[in-house]
Amino acid sequence: MTPAPPPASGAVRGGLFAFSAYLLWGVLPLYFLQLAPTGPWEIVAWRIALSLVFCLLLLTVLRAWRPFLAIVRQPRLLGLTALAGLLIYVNWQTYVYGALTGHVIETSLGYFINPIVTVLLGVTVLRERLRPVQWIAIGLAVAAVIVIVVGYGSFPWIALTLAVSFGVYGLVKKQIGPSVDAVSGLTLESLWLLPVAVVQLVVVGVTTGLTMGANGSLHTVLLLAAGAVTAIPLLLFAAGARRAPLTVMGLIQFVAPIIQFGIGVWLLHEPMTLERWIGFGLVWVALVVLSVDSLVAARRRRASVSDVTEPV
């Protein structure tokens with residue numbers, strides 16, 4: 001028998017898994033733009049259907065049907081996966097729409113705000129008590145949204161929809177906990193959404209026409225890859241979350257919106273007015289405050305545990 005790897009080794013692997021997931025999520029706008037002329041409704045429909053196919057293949061290859069069927073027999077878990085599926089659908093549809101309509105910068109704002117939304121959910125839903133520094137971060141984020149709305153003249157509904165939907169999705173996944181593994185969870189979420197995908201494909205087919213197979217072999221291959229492109233980062237994220245400390249996950253999560261912001265500003269040349277820079281600046285300050293506070297709190301917890309366990 002080979003010895004189990006030390007915890008530090010597992011944490012490093014977890015960090016690499018999580019970093020890979022956020023890296024892939026960061027470059028997703030470039031992938032979706034390559035799918036033109038396919039529209040957001042058709043892309044999300046294929047994304048759901050092909051994710052289900054990919055997950056069913058994974059269940060077969062990994063011989064994981066037994067735990068999957070055990071989950072199916074539990075009504076509570078089925079209900080939670082259905083709710084998770086609805087939330088991730090809203091997130092996917094909003095994200096693809098934003099990426100294809102020149103709002104990549106706003107999608108990045110959504111994922112910059114997401115940690116702050118998660119903190120707010122902890123207060124409103126889980127009745128957690130916030131530290132003063134966390135309230136300061138929330139105040140800065142609210143000020144940022146106000147600056148963007150008043151100065152830029154438009155409500156950042158894409159950003160806020162992404163932040164809230166993914167934040168509540170994370171809360172639901174927390175309620176599910178370790179009872180549902182990553183592959184089984186994504187399989188069930190995709191299965192619940194399959195009727196929605198079928199309806200969307202039918203509507204697109206009878207209105208503008210489906211693009212699958214109609215724009216060359218490369219386009220077809222890219223569109224068929226939507227299932228793997230969706231599932232792989234989610235599975236990498238799940239593997240990372242099980243191994244890496246929460247403080248590491250909290251810092252790595254900014255990789256995706258930083259890449260998206262760079263793509264929107266420097267590759268796609270989306271407008272970045274002074275008001276937007278001020279708004280984003282306030283959000284970034286809030287995130288720095290939140291991250292530093294999280295690191296300090298984690299260090300204090302470790303110190304208190306060390307004091308308790310230290311032999312007298």
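This briefing covers the nonpolar cores and aromatic pairs of the structure. The model is predicted. Its largest nonpolar core has 54 residues, and a second, separate core has 27. The structure also holds 19 aromatic pairs.

**Nonpolar cores**
- W25, F32 and I48 have the most contacts inside the largest core.
- Helix 5 (residues 75-100) gives the most to this core, contributing eleven residues.
- I48 touches Y89, W92, S190, L193, L194 and A197, leaving aside residues up to four places away in sequence.
- The second core includes L109, I113, V145 and F280.

**The W25–F237 pair**
- The ring centres of W25 and F237 are 5.8 Å apart and the planes stand at 50°, so the pair is tilted.
- W25 belongs to helix 1 (residues 7-26) and F237 to helix 11 (residues 226-243), so the pair ties together parts 212 residues apart in sequence.
- W25 counts as buried, at 14% relative accessibility.
- F237 counts as partly exposed, because its 25% relative accessibility is not under the 20% limit for buried.

**The F261–F280 pair**
- F261 and F280 also form a tilted pair, at 5.1 Å centre to centre and 45° between the planes.
- F261 lies in helix 13 (residues 255-267) and F280 in helix 14 (residues 274-309), so this pair ties together parts 19 residues apart in sequence.
- F261 is buried at 6% relative accessibility.
- F280 is buried too, with a relative accessible area of 1%.

Conventions. Residues are numbered from 1 along each chain as its sequence is written. This is a predicted model: local features need pLDDT of at least 70, side-chain atom pairs count only at pLDDT 80 or more; totals for chains, interfaces and linings use all residues. Side-chain values use heavy atoms; hydrogens and water are left out. A nonpolar core is a set of buried Ala, Val, Leu, Ile, Met, Phe, Trp, Tyr and Cys residues joined through side-chain atoms within 4.5 Å. Buried means under 20% relative accessible area, exposed over 50%, partly exposed in between (1.4 Å probe, protein chains only). Helices (H or I, at least four residues) and strands (E, at least two) are DSSP runs, numbered from the N terminus. Contact means heavy atoms within 4.5 Å. Rings of Phe, Tyr and Trp (its six-membered ring) pair if their centres lie within 6.5 Å; planes under 30 degrees apart count as stacked, over 60 as edge-to-face and the rest as tilted.
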